[in-house]
Amino acid sequence: MKFKLSLITLALATCSNGAFAFDFGVTSANTQTQAASSSKWACKKCTSDQSVIGQAGIELGAMDSDDDNAANNLKYTDGFAAGVNADVVYNKQGYRTEVVADHLGSEQGYIALKTGELGVWNIKASFDEKQRFGKNAESVWLAEDNNLVEQDQLVYQSLDLERKKSAIEAKLKLDMLSSYIRFSNEDKTGNRASSMSNGSITAVNIVAPVDSQTQNMAAGVSLSGQNWLTELSYKGSWFDNDIDSLEMNGAGFPISSQSPDNQSQFITLAGRYSLGKTHLSGRLTQGSMTQDADFVTLNGVTSGLTNADTEVETLDANFKVTSSVISGLRLKASIDYSDRDNKTEINEYEQYSFDELSGDFEANSNLDTTRTAYKLSASYHLGKGQRVEAGYDRIEMERSDQDREETDDNIFWAQWRATGFDKWDIRLKGLYSDRGGSEFLYDEMGSSKENTLMRKYYLADKKSSTAEIFVTHAPLESLSLSFRSYYGLDDYTNTDIGLVESKDYGYDLGLSWQALQDLDINIDGGYQWIDSEQASAQTTNIDMWQADTEDQFGFAGIGFHYTGLSDRGINISADYSYSISISDSYSSGYNVLGDYEATTHNVTVQATYAMTEHTVVGLKYQFETYEDSDDTQLPSSYYPGTGPTGLTTLGIHNLDYDAHLILATLQYRF
């Protein structure tokens, strides 16, 4: 027994964790029993004039898991685990340097360095690496660069993605002048699920490689005075995809184009001005989004065309005014304008000959949109901690070459908040909206592809109602309760085919209780339901159908924090959380079409010991169990009639794993 204890002591003395270290703050001190020693553990760093403040530490341990998906939450894969956590600030003669590290060395590591002269300039550099693990897929098609090569047998392939993002930024402030510049580069690699088709009824799900780079840049300069500010800024983004196409060697499938290289650039002029109790602000943005990509095949392209040059010009404008006209009354008004003008050259391209498609050449359609939103609201202070607020929003949309050219949404909302009642904070909010618009249009080509009674949900007439209540109550100084409930209904009033109705409702509960002087307990939980109904044109009993989708999401958690041994430098805490997701789909004449369920249990237990005022050691244990099942998944090979005709899948890959992570931690506080 002594030998085992000595091993634990050695681990505690040589390892670390910065995220769950001992709290030296006054909130953790047992002030009644240890009044004499409480000053020793007080947060002197809060007002410290020391040149170095903050904390730095390491964590060492092991992860036991048979599935790398556990690292999406626990940050480490199976085997040895080591990471660095830090937030250290160095101050000297008006200059400040800060180093931040978050689980550096894990699968979700981050580090940043920032330095500069306080209130004048600073430079920051950061690196963020994220590994997102996905499910395993099986396929006879294996990617080699832009080619998919058929193998003799099924090959298991992971759907993992890795992102590496580096960024640098600088800021400068000189009296009335301020400026900034930021640049970032993100590389994304890995695999994703995709599919290819021969243009008929044969489709193959594939594991598609990912190899792309995204660069972003932002810069701006501003001038400001006592009651005004104006800024000129620029934003640019460049996306390069090294996998521009995919070809299935020897399968007779057409080459599949992947995400093309593209870029976007925006210039913005913004400003604000305050005149007494009236505040004005505005913004004007001019932008351009372009794409220049060669066609991966000339099949179906008119003679002379080799690439697709697309361009969309954008214009965004906003103006807002806020004014306190009389005591207790504040008025707000704003207008937002957004225009998307598609400048892409119009050419003719051959369609697939299948179903109602003729196979003839048809011209591409340039979809333009214009959005204008008007908003008015007023808030009034009723006295005794009560305030009411009400508003009206109108959103007008214009679209070209779509089923409906114009839609308009009229939104009315109001809310009431009361904080003047003893130990109560109450908020009530309600909203009603009504969407209408122009007549639906169906040209000769469009009417041959879909039923004229079909209503796309984002274009259809809709009446929406939502209500929300939020209450917090503190019946005792040691007890605080919170409750939130909400209900939303979307009624697509004139839809015969499509989404008819959707409901979204649920509740959240919370409890914070200081059960003992040294024991804090927190409990929370909630549940959400989303129900959707779809229907066909109910003309006869033969062709009538209805489909319902029911989604449910729930969570619950409990945790405690014990500081009764703080006089000895010991701190103990534990947390447990549970979550569940359920999705069921039903259709008239059939049983459940798609039944999906996922559950997660998480446990975290940690203890820390302050060996000195600056050095803290600890032990942390995390456990996660996860299980999901999706009835819509099909094996890669199945008997005819038991699945869609002509479809080859990536197999059934439900998850079911347990993961254990134990870390010994060491932290040093400056």
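# Exercises on charged side chains

The side chain of Asp316 reaches the side chain of Ser338 in a polar contact of 3.0 Å. That distance, like every value in these exercises, comes from a predicted model.

**Exercise 1.** Determine which side chains make polar contacts with Asp316, where Asp316 is found, and whether Asp316 is buried or exposed.

*Solution.* Begin with the position in the chain: Asp316 belongs to strand S16, which covers residues 307-326. Next, look for partners of the side chain, among them Ser338, with a polar contact of 3.0 Å, and Arg340, whose side chain is joined to that of Asp316 by a polar contact of 3.4 Å. Finally, consider accessibility, where buried means under 20% relative accessible area. Asp316 has 14% relative accessibility and therefore counts as buried.

**Exercise 2.** Find the residues that form the positive patch on the surface, and state which elements give two or more residues to this patch.

*Solution.* The patch of positive charge gathers Lys320, Arg330, Lys332, Arg371, Lys375 and Arg387 on the surface. Two or more of its residues come from strand S17 (329-342) and from strand S20 (369-383). Take Arg330 as an example: this residue is found in strand S17, and its relative accessibility is 41%, so Arg330 counts as partly exposed.

**Exercise 3.** List the members of the negative surface patch, and describe where Asp242 lies and how accessible Asp242 is.

*Solution.* The negative surface patch consists of Asp187, Asp211, Asp240, Asp242, Asp244, Asp261, Asp292, Asp294, Asp309 and Glu345. To place Asp242, follow the chain to the loop that lies between strand S11 (228-241) and strand S12 (245-248). The cut-off for an exposed residue is over 50% relative accessible area, and Asp242 is exposed because its relative accessible area is 52%.

**Exercise 4.** State how many salt bridges a search of the whole structure finds, and then work through the pairs Arg96 with Glu98, Arg435 with Asp409, and Glu468 with Arg484.

*Solution.* Side chains of opposite charge can pair when their charged atoms come close. The search of the whole structure finds 16 salt bridges.

Step 1: the side chains of Arg96 and Glu98 form a salt bridge with an N to O distance of 3.4 Å. Arg96 counts as partly exposed because its relative accessibility is 32%, whereas Glu98, at 17%, counts as buried.

Step 2: a salt bridge of 3.4 Å, N to O, is also found between the side chains of Arg435 and Asp409. Arg435 lies in strand S23 (residues 424-437) and Asp409 in strand S22 (residues 406-418), so this pair ties together parts that are 26 residues apart in sequence. Arg435 is buried, with a relative accessible area of 12%, and Asp409 counts as buried at 15% relative accessibility.

Step 3: Glu468 and Arg484 meet through their side chains in a salt bridge of 2.8 Å, N to O. This pair links distant parts of the chain, with Glu468 in strand S24 (residues 462-476) and Arg484 in strand S25 (residues 479-491), 16 residues apart. Glu468 is partly exposed, having a relative accessible area of 31%, and Arg484 counts as partly exposed at 26% relative accessibility.

Step 4: salt bridges that share partners join Asp128, Lys130, Arg163 and Glu186 into one network.

**Exercise 5.** Describe the backbone angle phi of Asp145 and of Lys384, and say where each residue is placed.

*Solution.* For Asp145, phi is near 60°, a positive value in a residue other than glycine. Asp145 is found in the loop between strand S6 (136-144) and strand S7 (147-158), and at 64% relative accessibility Asp145 counts as exposed. Lys384, which is not a glycine either, has a positive phi of about 55°. The place of Lys384 is the loop between S20 and strand S21 (386-399), and Lys384 is exposed, with a relative accessible area of 75%.

Technical notes
Residues numbered from 1 in each chain as written. Predicted model: local features only at pLDDT ≥ 70, side-chain atom pairs only at ≥ 80, totals over all residues. Heavy atoms only, no water. Patch = residues over 30% accessible without salt bridge, like charges linked within 9 Å, V, L, I, M, F, W, Y side chains within 5 Å. Areas by Shrake-Rupley, 256 points an atom, 1.4 Å probe, with all protein chains shown as cover. Salt bridge = Lys/Arg side-chain N within 4 Å of Asp/Glu carboxyl O. Lys, Arg positive; Asp, Glu negative; His and termini not counted. Charge placed at Lys NZ, Arg CZ, Asp CG, Glu CD. Helix = DSSP H or I, 4+ residues; strand = E, 2+ residues; numbered from the N terminus. Buried < 20%, exposed > 50% of the residue type's maximum accessible area, 1.4 Å probe, protein only. Polar contact = N/O pair within 3.5 Å; in protein donor to acceptor, adjacent residues only side chain to side chain.
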